[in-house]
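Opening my notebook on this one. I'll jot down what I look up, entry by entry.

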Amino acid sequence: MNIESKLPLMDYQATLKELGNSTSQIGSPKLNPAEVYQQEKDFNQFFEQAFNGLESKINKTETNIPDSITGKTENLHDVMIDMTEAQLSLQTAIQIRNKMVEAVNDLKNMQF
């Protein structure tokens, strides 16, 4: 009884053949230019939605604060919740930016 034949991860030849069929060069997958464009478009849409959501939360807070001071908004609880949401969203966006800058710097410092 051969143990290697029962474990699919141990079938190196089949795995290498599949990798060879799915790549045009060693280590680079075959990508259709339309697929690359669609991935870039999805990535851009994701960030646009995230920034639009952040902007809407900040704008909502900017309108709620004067309204609460002038007495147009009677519920201070909602104003505080909106302010906290905007603050947390902004802090999250700043941390994401910092991680992206760190990743770019890591790529820049790599030696090939």
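Ground rule first: helices (H or I, at least four residues) and strands (E, at least two) are DSSP runs, numbered from the N terminus. With that rule, I place Met 80 in helix H4.

**Entry 1: what I'm looking at.** This is a predicted model, where local features need pLDDT of at least 70, side-chain atom pairs count only at pLDDT 80 or more, and totals for chains, interfaces and linings use all residues. Residues are numbered from 1 along each chain as its sequence is written, and side-chain values use heavy atoms, with hydrogens and water left out.

**Entry 2: overall layout.** I count 4 helices and 2 strands in the chain. Read from the N terminus, the order is α-α-β-β-α-α.

Entry 3: I looked up the accessible area (Shrake-Rupley method, 1.4 Å probe; for residues, only the protein chains shown count as cover). The chain exposes about 10000 Å², and carbon and sulfur atoms supply 59% of that. Of the 112 residues in the chain, 7% are buried.

**Entry 4: the salt bridge.** How many salt bridges does the structure hold? I find 1, taking a salt bridge as a side-chain nitrogen of Lys or Arg within 4 Å of a carboxyl oxygen of Asp or Glu. The partners are Lys 60 and Asp 82, with 3.7 Å from N to O. The pair ties together distant parts of the chain, since Lys 60 sits in helix H3 and Asp 82 in helix H4, 22 residues apart. Is each end buried or exposed, or something in between? Lys 60 is partly exposed, because its relative accessibility is 45%. Asp 82 comes out buried, because its relative accessible area is 11%.

**Entry 5: Asn 64.** Next I followed Asp 82 to another partner. A polar contact of 2.6 Å joins its side chain to that of Asn 64. By polar contact I mean a pair of N or O atoms within 3.5 Å; within protein, one must be able to donate a hydrogen and the other to accept it, and residues adjacent in sequence count only if both atoms are side-chain atoms. Asn 64 lies in helix H3 and counts as buried because its relative accessibility is 13%. Leaving out residues up to four places away in sequence, Asn 64 touches Val 79 and Asp 82, where contact means heavy atoms within 4.5 Å.

**Entry 6: Ser 89.** Ser 89 is in helix H4. What does the side chain of Ser 89 join in a polar contact? It is the side chain of Lys 57, at 3.4 Å. Setting aside residues up to four places away in sequence, Ser 89 touches Leu 54 and Lys 57.

**Entry 7: the nonpolar patch.** Patches here are made of residues with over 30% relative accessible area and no salt bridge; like charges are joined within 9 Å, and nonpolar side chains (Val, Leu, Ile, Met, Phe, Trp, Tyr) within 5 Å. On the surface I find one nonpolar patch formed by Ile 65, Ile 69, Leu 76, Met 80 and Met 83, with about 470 Å² of accessible area together. Helix H3 (33–70) and helix H4 (76–109) are the elements giving two or more residues to the patch. H4 supplies the largest share, 3 residues. Met 80 is partly exposed because its relative accessibility is 43%, and Met 83, also looked up, is partly exposed because its value is 31%. The C-alpha atoms of Met 80 and Thr 61 are 8.8 Å apart, with the residues 19 apart along the chain.

**Entry 8: aromatics.** Rings of Phe, Tyr and Trp (its six-membered ring) pair if their centres lie within 6.5 Å; planes under 30 degrees apart are stacked, over 60 edge-to-face, and the rest tilted. I get 2 aromatic pairs this way. One of them, Phe 46 with Phe 47, is edge-to-face: 5.4 Å centre to centre, 75° between the planes. Phe 46, Phe 47 and Phe 51 form one aromatic cluster. Phe 46 counts as exposed because its relative accessibility is 52%.

Methods: Buried < 20%, exposed > 50% of the residue type's maximum accessible area, 1.4 Å probe, protein only.
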